[in-house]
Amino acid sequence: MKSSEPTEPSARARMAHEPSANVLIEDRARYTHIAMLLHWTIALLIIANVALGLSAALLPSSILSDTGARVVIDMHKSIGITVLGLASLRVLWRLTHRPPPLPSVFLGWEKATAHAAHITLYVLIFALPLSGWMHDSAWSAAASHPMTLFGVVPWPRIGFLMHFEPGFQEQLHTQLGTLHTLCGYALYAVLALHILGALKHQWIDRHPVLGRMLPKC
């Protein structure tokens with residue numbers, strides 16, 4: 001015989017009827033301000049670098065001259081190395097500062113998917129600038145075109161990639177360029193899924209996820 005007493009509502013149902021709970025979770029589950037700064041700085045630099053890379057690849061010479069293309073490419077390289085440095089700082093900060101837990105209303109598979117997406121993003125954020133740096137180091141004209149960050153700070157190439165037999169070096173340069181491009185496409189895809197997932201949780205499921213990476217107003 002079924003009990004006439006009402007069953008306890010699920011965690012998701014309670015969250016939907018208790019707006020104050022959302023606020024409490026949001027306050028308790030924010031990342032540190034340093035983590036937020038690194039997160040958004042890296043994100044904006046990646047977006048800028050996508051725009052620069054596409055400009056250099058797609059704009060015709062009638063719009064972007066050889067000199068202009070070289071400026072764009074050099075800026076692309078500088079931002080890529082900057083992202084690599086900031087991503088290293090982000091990992092060090094993550095290792096020494098435990099991130100806030102996901103909202104308790106997340107299902108197990110949602111938590112696992114979120115963690116997998118974060119790990120994949122970290123791997124690609126490192127793989128993209130590293131493959132670009134290797135691609136540039138294997139360039140046949142690398143020795144005669146020193147690399148400087150933002151035209152100011154000298155930056156070394158990866159030495160062993162500059163001293164292969166010319167034919168093999170050119171082949172390696174092409175292959176590393178392909179790898180760099182594939183890493184870029186993979187990052188765009190995972191980043192899009194990451195953004196769509198965050199928006200779904202925030203606006204459809206009504207979970208306070210965006211506030212985790214935004215400063216408290």
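Mentor: Helices (H or I, at least four residues) and strands (E, at least two) are DSSP runs, numbered from the N terminus. This is a predicted model, in which local features need pLDDT of at least 70 and side-chain atom pairs count only at pLDDT 80 or more, while totals for chains, interfaces and linings use all residues. Residues are numbered from 1 along each chain as its sequence is written, and side-chain values use heavy atoms, with hydrogens and water left out.

Trainee: In which helix is the place of Leu196, and is Leu196 buried or exposed?

Mentor: Leu196 belongs to helix H6, which covers residues 166–204. Buried means under 20% relative accessible area, exposed over 50%, and partly exposed in between (1.4 Å probe, protein chains only). Because its relative accessible area is 55%, Leu196 is exposed.

Trainee: In what order do the elements of the protein chain run from the N terminus on?

Mentor: The protein chain has 6 helices and 2 strands. From the N terminus on, the order is α-α-α-α-α-β-β-α.

Trainee: Which element gives the most residues to the lining of the largest pocket?

Mentor: A pocket is an open set of points on a 1 Å grid over the protein atoms alone, where a 1.4 Å probe fits, with protein on both sides within 12 Å along at least five of seven lines; lining residues have an atom within 4 Å of a point. The largest pocket has a volume of about 1100 Å³, a volume being the space filled by probe spheres set on the points, which are joined across faces, edges and corners. Its lining has 39 residues, of which His39, His118, His194, Ile195 and Ala198 are the closest to its centre. With 11 residues, the element that gives the most is H6.

Trainee: Is Arg90 buried or exposed, and which residues does Arg90 touch?

Mentor: Arg90 is placed in helix H4 and counts as buried because its relative accessibility is 7%. Contact means heavy atoms within 4.5 Å. Leaving out residues up to four places away in sequence, Arg90 touches Tyr31, Ala35, Leu38, His39, Ile42, Tyr122 and Met213.

Trainee: With which residues is Ser131 in contact, leaving aside its neighbours within four places in sequence?

Mentor: Ser131 lies in helix H5 and, at 3% relative accessibility, is buried. Beyond those neighbours, its contacts are Leu176, Leu179, His180 and Cys183.

Trainee: Which residues are linked in a network of salt bridges?

Mentor: A salt bridge is a side-chain nitrogen of Lys or Arg within 4 Å of a carboxyl oxygen of Asp or Glu. Lys77 forms one with Asp136, the closest N and O atoms being 2.5 Å apart; Lys77 lies in helix H4 and Asp136 in helix H5, so this pair ties together parts that are 59 residues apart in sequence. Arg157 also meets Asp136 in a salt bridge (2.6 Å, N to O). The network therefore links Lys77, Asp136 and Arg157.

Trainee: How many residues apart are Asp74 and Arg70?

Mentor: The side chains of Asp74 and Arg70 meet in a salt bridge (3.5 Å, N to O). Asp74 is partly exposed, with a relative accessible area of 32%, and Arg70 is partly exposed with a value of 32%. Both lie in helix H4, about one turn of the helix apart, a separation of 4 residues.
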